[in-house]
Amino acid sequence: MIFSIKRSFAIFQKDYKDVSKNLYVTVSVLMPLALAALWGMDGIDNINIHYMLFNMTLCMVAAYVQCCLIAEEKEKNTLRGLMLSPASTMDILVGKSLLSFIATFIILVACAFLQDYKPENLLVISLAMALSTIFYIGLGTVLGLVTKSVMEASVIILPFIGFFSFGSFLTVLAESFPILKVTEYLPNLQLIEIANKVHSGASLSDVWFNLAVIFASIVVIFAIAIVVFRKRMMD
Amino acid sequence: MSILEIKDLEKHDEHTIVFPSFSLEVSESEVVAIHTSTNARTSLLKLFMGEIPISNGEILVNKKNVKLSKRDFFFEVGFFCLDDELYERLSVKDNYSFFQKLYGSELSIDEVLRIVQLETKRNVRISKLSNSEKRRALFGRLLIQNPALFVFEEPDQNIDLETKRVFLKMVRELKQKGKAVLVLTSNMESALSITDQVYRLDDIGLHALDVRSEDETSNEETTGSQEEVLAQENEEEIIIQPVRFEKIPTKVNDKIVLFDPPEIDYIESSEGQSNIYIKGEMYPSVFTMTELENRLHPYGFFRCHRSYIVNLQKVREVVTWTRNSFTLVLGDAKKSSIPLSKTKMAELKTMLGLK
């Protein structure tokens, strides 16, 4: 598979123009910002609350934008046009992910700023955020591939937003149901754990395990994405 | 050199045959239309796009096989499908500049806009265009892609006259540039208006339709004139009748139905069978086209095409597509349109008393 930066960039540019005119998506992307501004005014200084919003941002921006981009291409039959073009699957996915990645990055920074959140170790947090973003983009890709239209995509994303943003409540449940201990390895909870560790002064070497767990979930979600993609192409 | 080669391709769906094994070659500067049912058309397109695997036979474009390398194959083929769409929120120009980058094309956007006649709409969003304009915008995408083989699915379905004219002109230009064009349609009239090389694909197989450009036919007529003279003599002997019989017999379910000539809208020949069309219904005739032409000539019938005889009383419009292609539109409920060959145009003009 040959990867072409030029073609990926063309897809990125096209999607950027398209999304900027798509009220549907832009409104949901700006929602975390509104929430951040609201909480920022109250002056909350609780890592868990901050990260609930960050996780929500990741889900609503990274996963949702990616999901919508793919679902819309499918709905409008333009994905077939792309598949029949010289652009490889890699070009298409990279081009699309690039837009979600940049959008997520901007919104996350803006949210942190509005909430007045300053991490003690910027490097570790940015790394964790970047890895999480890639995971959520993978999630969005999978959801985009299984849905058929933007409408479906916006509905299917809701449980995921709930699950990943309010994931911190799972730890409370896990105390009464030991089986839920597994959920501790979810990337959203790992992100919160990293944030808490960093808050108490941990460095990169202390959180490498958590980063590795997020990385592992990236591998899993992209493996699922590839399987789903292959299956869809057969239909 | 042939660009498209289809070798012994066949398709079965469970127990039914969608189309039996057939072979077809399309070379440079050739425009071929396949007249076929929707079923066979979708199957054929899916085989082309590699969406369903080819079990028997192969499709080669410039020696590249879809089974071996999809990327190389799609580099050579451009598809227009009926359900294709463009990016609705982007303007025509933005869409084209995207495709230009995607395909690494050298063709300028202005040139494409000129060919598809969307110059005034260049900054209009696709969603604001009419259906026909969207179709033209899609044709433009194919021009940007600039493949060796163009495949069109029902290119002139549901579009206005302007778009049809643009399409015919575009196909002619592609032909001049040495491209191969394959048109899949279920409308015989549209197939004939695009090209002279028409095939019919159905559950019996692929048959070339007997459509020849007029130059060829005139040559053949001179060589075959002797036979025709003989044939005509025989006919005259048979058709000596005591009372002049003015009805045209047709066969419907082993019954013979007689029609007054003025009732007939037009007659179409397909696979050696002449079919008479009356108020949108088709009746197979027992006569050949030549016999019908001779019989009906006194009633104002006119052989406007090798495969068509038309009742001139019913003709409402003569539409000129280009300098060389014309269509007769009838005044019946369906507004049927019938191709008119260019050499017959002059004859028709004298009949109508035009210069």
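Select strands β19 (residues 326-330) and β20 of chain B, which run antiparallel and are joined by 4 bridges; strands are DSSP runs of E, at least two residues long, numbered from the N terminus, and two strands pair if DSSP finds at least two bridges between them. This is a predicted model, in which local features need pLDDT of at least 70, side-chain atom pairs count only at pLDDT 80 or more, and totals for chains, interfaces and linings use all residues. Residues are numbered from 1 along each chain as its sequence is written, chains are lettered from A and ligands numbered from 1 in the order in which they are written, and side-chain values use heavy atoms, without hydrogens and water.

Within this pair, B:Phe326 stands opposite B:Leu340 of β20(B).

Next, select strand β8 (residues 180-185) of chain B. Because 6 of its 6 residues are buried, this strand is largely enclosed by the rest of the structure; buried means under 20% relative accessible area, with a 1.4 Å probe and protein chains only. B:Ala180, B:Leu182 and B:Leu184 point one way from β8(B), whereas B:Val181, B:Val183 and B:Thr185 point the other way.

Then display the neighbours of β8(B). Strand β3 (residues 30-36) of chain B pairs with β8(B) in the parallel sense over 6 bridges, and B:Val31 has B:Val181 as its bridge partner. Strand β7 (residues 149-153) of chain B also pairs in parallel with β8(B), over 5 bridges, and here B:Phe150 stands opposite B:Val181.

Conventions. Buried < 20%, exposed > 50% of the residue type's maximum accessible area, 1.4 Å probe, protein only.
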